[in-house]
Structures are given as C-alpha cells and as structure tokens.
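Please open the model in your viewer, with the sequence panel beside it, and follow the stops below in order.

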Amino acid sequence: MPQPGHTFGAAPAQQSGVGARPFAPAGPALASQPLPPQPSAPFAVAGAAPTAPMPPVGGADARGQASPASPFPGGANPSAAGGYGQSAPTSLLPAGANPGASAGAVPGTPAGANPAAAPAPGFSDPTRLDASATPAATAFTAGFGGPGTSANPAAASAPGFGGPATPSASAVPGGPAAPSNPAAPANGKPNNPNKPGKKPLTPQQRKRRRIITIIIAAVVVVALIAGGVAGYFIWKNHQNAAAKTTATSKTTTAKPKKKTTSAPKETTEEPVKKAVSEVTMTDFTCDNNTADDWHWSGGAMVTDAIACASGANSEPTGIRGSDDDSSSSSSSDDDSDSGKYAFGVWTPELDASTEIDVNMLESGEKVYSEPVVAATYGDEPAVFVIYAVKTKAVGTTPETVHLFAHEVNVKNGKISKRIDLRTEEDNLINQQQDYKFEVLSQSNDRVAVMKTWQTETKAKLNGRDYESTQTVDHMQVMGLRRGAPKAETLQTFQDKTHIDKDSSGYQSLNKDDVEVKSYTVYDTYLVKDTSYHLYAVDSNKEVAAFPRNYCKTSDKDTDCYVRGFWRMGGGKYVLQPDYGYTRPIVLDASTGKLSTVESLLKVSLGDFGSFSDVDQFSDGSMYFQWNESDDSKRAFILSPDLKASEVLNGGQWARLLLDAEGFKGINYLTKQIYAKTTDEQIAVDENGKTVGDYTDLPDDDDNSRCDHTAMKWMMWHVDTSDYRDETVVTRGQEPGDPAPDETDDSGDSDGSQSSDSGSSSADDSDDSDSSDTSGSSD
C-alpha cells in the first residue's frame, strides 16, 4: 500500500541492483503544481505506454530529456529523479527496460519486460481488472481509481497529486521503441482486458462476478471476525485456567507461617464450652423474696417472677438485696405495686443461669397480674415475659385492661419493646370482665398464649318482662413468634348460647361450654365443645378430633374427659381418660380408629386393673408399668409404629422387687428404667440388661412440665450438705457422672420428631389461677 509522503511505485531509497531506481518523494512543491489534463488511451493494456504521450509540463520526456518549460532546476523531472529537485542519474537498466512504466520495478526483471505489467508479489494478474479478480487484486486496483481500473500503477495518482500520473515511455534511450498502437498487440489477436484470447465479458457477467466477489469477501470477513472472537474466548479461558492453576499451585506450595506464641489457645476454648453437660441453677433473693422454684417452660429452665423493687446488683452470686438492705426498708409494703419483678432463666446456650429484671409499668398504669415467663423449645429457646396491666381511670374514662409481652435476650439481660396482645378490642368498660391469660403450648418458633374474658347474653323468656342472663366465656389464642414485633391472632372460641323448651313449652336460656386446655404437648393444645379437637400452633389448624365417649363408645352419653395425652408420631396419639379406671386409648388421627393399649400389649387389666405408671421416652415410644399381682410386675414399651415389647417378665420382676419399693420411673433421654430391688438400685435398658446403678433420680414432675420428645436435657433435684435441694440439668447422666455419648441424642430439638409426638399430664385442679404456667390441666 502507498505510504503517505511517498510516490507510489518507487523502489526503496538507496536500493541497489539491476533495474533499481532511486525513490522520489512527493514534496510540497510538487503537490502545489497542478497538472494539465492528459489524453487517455481508448483502450490501454496495463504496463504499456500510451500512443504519442503528452510530455508533462516542466517534466521529462520519454527519453529523459528536460522539457523547455520545466520549472525545475536543470530540467529535473521529479517523477523520474532520485529526489526532489535532483537530476535523474544515468540509467543502469539494460537495453529495452522501461523504468518509467514500472513504478516500483521488481529487481531482476528480464530485459525488455514491463515490470508494471507483471503481478506484484501477493497480488493477482494486474491485467485481470474485472469482477473475477481476487479480493486482493480488487483491493489493489481500488487504490488507483476504483474496481475495474485498467491503468497500471505508474499511471495512477500519486499521493498529494490531483490528477493521474503522466504516462512514461516504455523505453530508455538506446532501447527499442514502444509500439505505436497499444490497441493492436504484436500477436495480432484482439486486445481483451478480461482475459487474452476470449470474448469480452458482458455487463451482466461482470455484475454477477462482482456480486460473487462481494459475497465471498463478506463471508471471509465474517469468518475472520468469528474466528477472532472465538480465538479471544479460547485465549481468555486459557488465561483463566492458567491463573487458577497458578493460584492453586501457590496455595499448595506456600509454606505455613511459623507460630511462635499462643498456639495452645486455639484448642482450649471451644472444646470446653462444647463439653458442658451439667449446669446447676443459682437461686437468688430480692427484697426478702426468693426465686428457687426452677421448672421447665419449653426448652428453658425458669423460675416464677418475684417482686423486686430494689432491682439488680452486681453480686456475682446473683443475690439481690438482703434482710438489712436499706432498699428493702424503703420499699412499699406491697412491692408488686411498683411493677418491678425479677426471674431466673437458663437455656442450653448458656453455661450458667442468669437473672432478668423487668419493669411492667409505664406512666398511668398499675399492676393487674404478676408476670409469667414462657419459652419455646430448641437449642436456643426464645424467652418471653408476659403480664397484664390496667390503665388508671382518668376523669370519666374508666380503667381498661391490657396484655403485653417482651422477648428477652438471655445473653445480655435486655428486653424488647412491648408486644401488644390486644385486649382492648374486647374490653367493655361498663363491667368487670375477669381478664386472665395462660401459656397454652410451645413449638420451636412460637409460644401460644390464651387470653380469656367474659360477657353476658340476655333474653326475655316465657312472656316475662325481665331478661334471663347467661355468662359467656371467650377464649382467644395469640401467638408470640421468635423475633416478631407483633403478636398473631390464631384462634377464637366462645360458649354457644341457645334457648330450649321442655315438653311443657317452658323456655330456658342455656349454653354449650367451650374449653381450651394446655397439656404441655409440643405444638399442640386441646379444645373441647361437643367433641374433642387437637390444634397445632405453627400450622394453626385442627390436626385430630375424637368423640367425648372415646373410652366407652358403647355409651353415647359418657364424657371420658382427658387427663393427659401424648403424641407418639405418625398421627398417633395416646389419650389417658379421667373416667373410672385409667385405660389409655390410642387414636390414629388419619383413620379415626380407637384402640385400647391393652389390646396392643396383648394383656387384660381386668375389671379393676390399671397401669400404675405411664410415661414417654424422647424417641416417642411409650412406657407402661403394670402391677398385675404380687407374683407378677410387668413393664412394657410401645413404639410409635405400635409394636409392643416387654422388658424382662412379670415373674422375674416380682422376685427382684419382692417387698422392695419397686419401679422408680424412667430416664427419657437414655431410655432406661429405674428399679429398687431387694439389694440394689439398678438401671435397666429397654432390652432388660442392667446398665448401671443410681443414687439420684430424675425429677418426677418432668412429664407435667415439658414434652420429652422435644428435649435434650433433663432436670434433677440433688440434696446438699446444708439440707436444701439444688436444681441441676444434665444431658441424661446422673449429676456428677460423665455425659453420655452426644452423638446418640434421642431428643429432637428441631421439632422434627416433636411435630408428631409429645407428652403431657394434667393433674392440677380447675380452680388454679389461669395465669399459672405449669402447663398442667385437668
């Protein structure tokens, strides 16, 4: 391609050899001189000199003689000279060579040949300037007037000139003369610019070839672009792979840094914390009140809240105030009026129990009930404190009752903002409504709280003017969810009133009672109306139903009541009636089928027999103990798939126990049975094998306080040297003993087993305060 500032076709400067000529750059002076129009040949062959060429103004003729009108010094011709304004040197070409016809003659061209007419290296035949030329040839000729131009390169416009270059002679002095008629070749054949010896191409053929050429060129361009893009991505992937290989190599070959200090510290902290498997609860006092009644609420150990007007102090033992504490004497006679309380709490994420302070009251409020502590299940239970307050009467506005809760951060002792359980929507100001609340059930994520209140329904009966009145009980179940700023409304129930007539037509206003009760079963509570219903807290749906006479279906008027129930798994529930003798019933909620435990164990309790103990292991299986007679004492295990097995046999147990105290309960985590024989205190596994002895027994009130299937810890009461009990929680082992293998946990803190199984007891009387959170019911 031509370079800016140079005459196209000139040989490189200072090039030596036969046929070489110095290169003449196009200077500014040349570019400023316009060239006169030159006659063009009607049909010229590339490389041939035109007939009777017109000598350029101020240039040299074909013989290299200076024109008289040449403006250059000495008649120099810049197109043929070796430099701007220089005279042409003596030609060194052999006779017959035409230097003027070859702009850029190829060294070694034979004498008499026309280098301009020969194809340049890398180009097609320059005489074939039609549509059949290769893309390279087309691009070559495009620089000299466009496609199809038949002029040779020496005749093209040089950079910096406005018109075509002056054609030069085909011979130097002393050489043969050029042909006089370029249109008539020496061989006598017609001159065909497309191909010698063939007919000229028609315009349609030329157009078709041009189109084909353009298509080929486009395909080549697209292929080049696609290849370039593909090549780039291949290169990029190769670079990335190389980088990854380098990084991996660096990672694997890098030498670890030498540690000179604190190496043991990395291995001493975490294992110690993980090994915690026994925690002793710390009792505390405040303003002469003592918090020492530790019990389960969900998966947390808590105490009842005690009035604590003096607040917390920095004593490491957890003692708040004392008998001679000045803050105690300055407090009011009824510390509860201040609304300041404290309670103890422990969860599995803590290494020791802690104390939490709560101030119930805000401006314009007074105490309505003591606070109650409740927690979810799980390894990190969510702990809530729940209480009711009254707003003081102001002017003509009576007092109202409101129920609030706070979520407790057990790690730093802080409590959240108030969570409103919304009692004001049902709070009639013209009467005392007897607002109460109680903890109903817990899951891993929620605590269900039931609030109750009363209203009256009135009706005129039997044509009398006065109204008969019936008290209606209302129950609403609210959900406190871990991390949620608002309470959820789950279910609402109330008594149903109706007017009845007897045979004589006398009217009476009656109601069908509705009861909602807690049995400390994971994620489940019981509703009783004309039948029994089990509701789940998390799904907020009814999961099972059974008739009132489930224990004696032959008598439709019998109400068996429910003293307790357990959820085994797979939709199966064990119901313990409170009617006559306790004959547990297994309910399959998926089919509604009711089966007696006696039939599943293949025993008969007789008319007056009963199980002396019913309990549940953490895997959902049930334990039944039966004192059949003096000569037979039997223990059974019923698995969640209703397969029964007997531990040892009645005769062997009778001989072991004889006049001893007998069976002492179970360990729901290790699945062991405790018994005091005539000479020992032994622990027996489910296969009847003696696995050890015991000194202390687990707390026998556990089954009324927590769901065993949701637990990984259990509570013990241990006597101390100063004749008081200490409350201790372990992973199943007796306090002071090594912990069992933690990889064999049968408890399920995530609720997967607990979602289908549970345990309960309901022994407390009906007249217990509804704000009690013991989790038991009748």
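Rings of Phe, Tyr and Trp (its six-membered ring) are taken as a pair if their centres lie within 6.5 Å, and a pair counts as stacked when the planes are under 30 degrees apart, as edge-to-face when they are over 60, and as tilted for the rest. This is a predicted model, in which local features need pLDDT of at least 70 and side-chain atom pairs count only at pLDDT 80 or more, while totals for chains, interfaces and linings use all residues. Residues are numbered from 1 along each chain as its sequence is written, and side-chain values use heavy atoms, with hydrogens and water left out.

**Aromatic rings**

Begin by selecting Phe493, Tyr525 and Tyr535, which together form one aromatic cluster. A search of the whole structure finds 15 aromatic pairs; one of them is Tyr525 with Tyr535, a stacked pair with 5.7 Å from centre to centre and 10° between the planes. Tyr525 belongs to strand β21 (residues 524–528) and Tyr535, ten residues apart from it, to strand β22 (residues 532–536); strands here are DSSP runs of E with at least two residues, numbered from the N terminus. Are these two tyrosines buried or exposed? Tyr525 is buried, with a relative accessible area of 0%, and Tyr535 is buried as well, at 12%, where buried means under 20% relative accessible area, exposed over 50% and partly exposed in between (1.4 Å probe, protein chains only).

Next, select Arg418 and Phe404: the charged end of Arg418 sits over the ring of Phe404, 4.1 Å from its centre. For this description, NZ of Lys or CZ of Arg must be within 6 Å of the ring centre and within 35 degrees of the ring normal.

Now select residues 662–667 and 690–693, which are β32 and β35. They belong to an open sheet of four strands, in the order β32-β33-β34-β35 and with antiparallel pairing; two strands pair if DSSP finds at least two bridges between them. Because β32 and β35 each have a single partner strand, they stand at the edges, and one side of each is left without a neighbour in the sheet. Within the sheet, five bridges join β33 (residues 672–676) to the antiparallel β34 (residues 681–685), and Ile673 has Val684 in β34 as its bridge partner.

Stay with β32 and pick out Asn667, which has its place in this strand. Asn667 counts as buried, at 1% relative accessibility, and a polar atom of its side chain lies 2.8 Å from the backbone oxygen of Gly732. Leaving aside neighbours within four places in sequence, Asn667 is in contact (heavy atoms within 4.5 Å) with Phe617, Gln672, Tyr674, Met714, Trp716 and Gly732.

Select β1 (278–280) and β36 (714–719), which belong to an open, antiparallel sheet in the order β1-β37-β36. Which strands stand at the edges? They are β1 and β36, each with a single partner strand, so one side of each lacks a neighbour in the sheet. Six bridges pair β36 with β37 (residues 725–730) in the antiparallel sense, and Val718 stands opposite Glu726 in β37.

**A hairpin**

Finish with residues 632–638 and 644–647, the strands β30 and β31, which pair in the antiparallel sense over four bridges. Ile637 has Ser645 in β31 as its bridge partner, and among the five residues between the strands of this hairpin, Leu642 takes a positive phi near 65°.

Technical notes. A polar contact is a pair of N or O atoms within 3.5 Å; within protein, one must be able to donate a hydrogen and the other to accept it, and residues adjacent in sequence count only if both atoms are side-chain atoms.
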